[in-house]
Amino acid sequence: MKKTKILWTDDEIDSLRAHIIFLQEKGFEVVTANNGTDAIELVKTNYFDIIFLDENMPGLSGLQTLNEIKTIDPNVPVVMITKSEEEDIMDEAIGSKMADYLIKPVNPKQILLSIKKNVDHRRLVTQQTTSAYQSQFSKIGMQISDRLSFEEWVEVYKKLVFWELELSSSEDSAMDEVLKMQKGEANNSFAKYIRNNYVSWFNDKNTDRPLLSVDIFKKKIIPQVDSGNKVFVLVIDNLRYDQYKVLATVLTNYYNIEDEELYCSILPTATMYARNAMFAGLMPAEIEKRYPEFWDDDDNEGHKNRFEQELLQTQLARLGKNYKLFFEKISNVKGDKKMTDYLGSILQSDLSVMVFNFVDMISHARTEMDMIKELAGDEAAYRSLTLSWFNHSSLLDLIKLLAENKVKVVLTTDHGTIRVDNAQKVLGDRETNTNLRYKLGRNLNYKSKAIFEVKNPATIHLPSRNVSTSYIFASNTDFFAYPNNYNYYAQYFRNTFQHGGISLEEMIIPVVTLVPKG
């Protein structure tokens, strides 16, 4: 194992011999210099893991030496050691991007702690995170194998996402693989749970079903408006719970989280079904029956969500709500650039709703563009790309203005997405839809036992094209491919993010109420 290499620069370096011997006995390689000029030359020709630098030296001062070192190696951590406790020197040192600041006299344990904090930090975090997850692994595994309620599945999923985020900051790739395997086991068991319970949720006598897409406005948003709040509803299409958690690190600079709940998207976990159901407060079959003018066939690509505002207005009317409503859908870069222009309309409305399709656009672009596929190669990179977009978007500018104007925000989504890698052959007639995680049509033929088939769509309140229409839903990391040109499509869609089927990532999604700080 490579030794940590230290440069210690002090004009009284001989008096620090005991400290240096202590570090050498601990396994560190220590190089010394007694002035700033020599230190700079050493940095030019050597790589150091950390540099200790005396602030008060003849010739070049510690701060002058620091500036030269940072031009050579801006990433090396530098620890300033000084006799002075004057605040301006501390400020100057901190402003110069010091890694640490120690006041003389220092003892060997202080030096060792500084090394661990600045050099070994990532390794120590990895060790502690790995150890903590290992201790939880068996407990989570036992939960997964148990007969769980939906609320218990939510808790399992929260734990898995927590450890996924924790391990993403570590360097233990082996534990990443262990977690990936455990998530696969969890999704396999969750799919069985859905196959066994989903139909029963729509039994009129069942009062124990989870919060579904159709409940969001009635139970989570309308009570907020009725309490006298101006409410801004932000619907980010295709937003998974793990992506929300990284966005929350930014949102909580301006908002406190009043309520964070995970609800269940209806099947199919696709925009046409789940989002229309959310806005209408009705299941898809009821939308088609009551408002046929607002419902398009599944194969009508590009026009499946044209009437979201109208559907929301019908729900508000049924509930007797006469709110002043503002509704906007942002689905392109041009729209995003002028989002702050909507502030006036939002402040004049009781209820404002904005649908934002950028995350969904990333998902589709990742399938079609090699560059985006490279940028979002896995879940961690997908989260990072989502966070980078949010940090540089005018949506964040609007969020800040809403916080300043004391507007409550409800952040939610219609469904999540999962990275697929296993193609399943499906045969269907020419009217079968093209979605990769669900199919509807006649005489659907498949072999996988992991597929959830609903032969009577009315039992889960989905529309039928004819009396023999059935729906099938993929689970785990499967996706559907036709036998025609099977190998090409299996390869083309492998390792892409898709939705429409059954998984924790697609079905268990956030609805969060945010209250402005202050």
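Which exposed residues does the face of H2 turned away from its buried side carry? Keep that in mind as you set up your viewer.

This is a predicted model, where local features need pLDDT of at least 70, side-chain atom pairs count only at pLDDT 80 or more, and totals for chains, interfaces and linings use all residues. Residues are numbered from 1 along each chain as its sequence is written, and side-chain values use heavy atoms, with hydrogens and water left out.

**Stop 1: helix H2**

Select residues 36-45, which make up helix H2. Helices (H or I, at least four residues) and strands (E, at least two) are DSSP runs, numbered from the N terminus. Now colour Gly36, Ala39, Ile40 and Val43, the buried residues of this helix. Buried means under 20% relative accessible area, exposed over 50%, and partly exposed in between (1.4 Å probe, protein chains only). Look down the axis of H2: the buried residues fall within an arc of 100 degrees, so they line one face of the helix. That arc is taken from the directions from the helix axis to the C-beta atoms. On the face turned away, find Lys44 and Thr45, and you have the exposed residues from the opening question.

Next, show strand E1 (5-9), strand E2 (29-33), strand E3 (50-54) and helix H3 (62-72), which are among the elements covering the buried residues of H2. Then zoom in on the start of H2, where a side-chain oxygen of Asn35 reaches to within 3.2 Å of the backbone nitrogen of Thr37.

**Stop 2: a sheet of six strands**

Strands of a sheet pair through backbone hydrogen bonds, either parallel or antiparallel. Here, six strands form an open sheet in the order E7-E18-E10-E6-E9-E8, with mixed pairing. Two strands count as paired if DSSP finds at least two bridges between them. Select E7 (255-264) and E8 (325-330) to see the edge strands, each of which pairs on one side only.

**Stop 3: Asn433**

Where is Asn433 found? Look in the loop between strand E12 (422-425) and strand E13 (438-441). Asn433 is buried, with a relative accessible area of 1%. Its side chain reaches the backbone nitrogen of Leu440 at 2.8 Å. Finally, select Asp298: Asn433 and Asp298 are 135 residues apart in sequence and 6.8 Å apart in space, C-alpha to C-alpha.

How values were computed: Contact = heavy atoms within 4.5 Å. Polar contact = N/O pair within 3.5 Å; in protein donor to acceptor, adjacent residues only side chain to side chain.
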